[in-house]
Amino acid sequence: MHIPDGVLSGAVAASTGALGVAGVFMGLRKMDYEHIARVGLLSAVFFVGSLIHVPIPPASAHLLLVGLIGILLGWAAFPALLVALLLQAVLFGFGGLTSLGANVVIMASPAVACHGLFASRIARAASPRIVFALAFVAGATGIMLSCMIAGAALFLSGREFLGAVGAIVIGHVPVMLIEGFVTGSAVAFVHNVRPELLEAPLAGAHR
Amino acid sequence: MTSSANRRFLLPFILTTGACLVLLAAPAQAHKIKIFAAVEGPAVSGYVYFPGGGRARDTAIEILDPNGNKIGETKTNDAGEFSFQPRYKCDHVLVCSTPDGHQAQWTVGADELPEELPPLHASQPGADPLPPPDATAAPGPPQSETPGASATPAEIEQAVADAVAKEIAPLRAQVTKLRQELERYRGQIRLHDVLGGIGYILGLAGLIAYLHTRRMRNPRAGHDMP
């Protein structure tokens with residue numbers, strides 16, 4: 001749901017741009033530069049993930065992986081997604097450059113929210129099943145929040161509310177399920193192999 | 001965090017990324033909307049589609065003049081196609097948009113439109129949307145009778161015009177097809193763009209890591225390198 005140029009009103013584009021800049025600053029401050037490779041890796045995962053196409057008639061949607069990125073990166077999701085979205089806009093024409101701020105806010109805020117809601121719970125989880133279940137919910141929630149923020153941005157730019165939000169959310173319900181599954185598997189795998197990644201996530205309250 | 005644990009972690013991610021790239025080698029999996037239009041006879045017709053995906057049904061299209069004023073509107077049908085009849089000989093900018101925020105545009109140049117159309121006047125209302133099908137109708141008034149022995153110059157001219165129109169109809173179809181293919185090609189995602197993007201991201205991360213290492217090694221060097 002990358003929003004292209006010319007769709008958002010000037011006010012919405014400017015204010016989401018400002019929010020995006022603020023978020024990126026937060027992310028850069030809280031980011032642990034020792035583990036920059038992880039940030040780069042997840043940025044690349046997002047970059048490629050958005051190209052994976054989930055055909056849902058009548059339209060099509062793509063994987064976002066904001067839940068996964070949020071759980072593993074926290075606030076560092078903002079700079080990671082800024083870079084990835086910028087490259088997508090420049091190389092593929094996904095999303096406009098004037099709407100870059102909006103797209104960053106749409107993708108990265110749910111990531112941070114998922115981190116706040118789920119990361120510590122996953123770290124404390126007793127069994128792999130609970131890890132999978134929590135991460136599944138996190139993945140679906142990430143998409144849901146992204147849809148809602150995108151719908152809000154479109155609504156504030158003059159689109160009819162139910163049309164904007166409804167079209168996006170309904171179109172993404174299958175994506176929520178797939179994302180939940182992918183996020184669940186990925187986080188369960190990380191929990192199995194490198195649980196310390198989840199306990200001391202890159203940018204969180206453990207500063 | 002030992003380096004062997006790192007390597008264990010890295011390999012599955014690399015494999016997954018590789019699998020994704022293989023998936024992408026399949027026909028373009030883009031997620032934006034595109035619109036294509038061509039002049040066929042007296043009408044402008046085209047379609048709205050997702051590159052690598054299907055057609056966009058029931059999508060609103062605004063028709064603007066070169067100054068950005070709206071001179072008409074239309075909608076795609078179930079097959080994602082639309083058609084309308086232009087009334088003026090000017091550039092027509094077609095802007096399609098979906099409720100979930102996709103938008104694309106296409107300009108039909110004035111030079112592609114039939115000669116007979118009047119130029120644009122400031123105070124005119126919009127163009128008429130035609131019912132979509134039969135966009136392959138050849139232009140021109142009904143056929144006159146085959147000229148007999150006493151053919152007038154006008155009848156000869158008409159007959160010639162009809163014959164030429166018939167001859168170039170397949171050519172026009174081919175040119176339209178060619179433009180469609182060109183647009184589809186332009187909308188495709190190419191592997192080297194994907195690899196380039198990944199390279200940029202990892203390179204940026206590497207650069208930051210390098211600079212960070214330098215700063216760590218000289219914590220009290222006078223100037224702080226960013």
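The structure is a predicted model, in which local features need pLDDT of at least 70, side-chain atom pairs count only at pLDDT 80 or more, and totals for chains, interfaces and linings use all residues. Residues are numbered from 1 along each chain as its sequence is written, while chains are lettered from A and ligands numbered from 1 in the order in which they are written.

Helices (DSSP runs of H or I, at least four residues) and strands (runs of E, at least two) are numbered from the N terminus. Chain A contains eight helices and two strands, arranged along the sequence as α-α-β-β-α-α-α-α-α-α. Chain B has three helices and seven strands, in the order α-β-β-β-β-β-β-β-α-α.

The C-alpha trace of chain A extends over about 45 × 35 × 25 Å along its principal axes. The radius of gyration, taken over C-alpha atoms, is judged against a globule rule of 2.2 Å times the number of residues to the power 0.38. For the 207 residues of chain A, a compact globule would have a value near 17 Å, and the 16 Å of chain A agrees with this.

A residue counts as buried if 20 or more other C-beta atoms, placed from the backbone, lie within 10 Å of its own.

| Chain | Residues | Buried |
|---|---|---|
| Chain A | 207 residues | 62% |
| Chain B | 226 residues | 23% |

Two residues are in contact if their C-beta atoms, placed from the backbone, lie within 7 Å. Of the contacts in chain A between residues at least 6 apart in sequence, 79% join residues at least 24 apart. In chain B, residues 24 or more positions apart make up 60% of the contacts with a separation of 6 or more.

Methods. A residue is buried if 20 or more other C-beta atoms lie within 10 Å of its own, exposed if 12 or fewer, and partly exposed in between; C-beta atoms are placed from the backbone.
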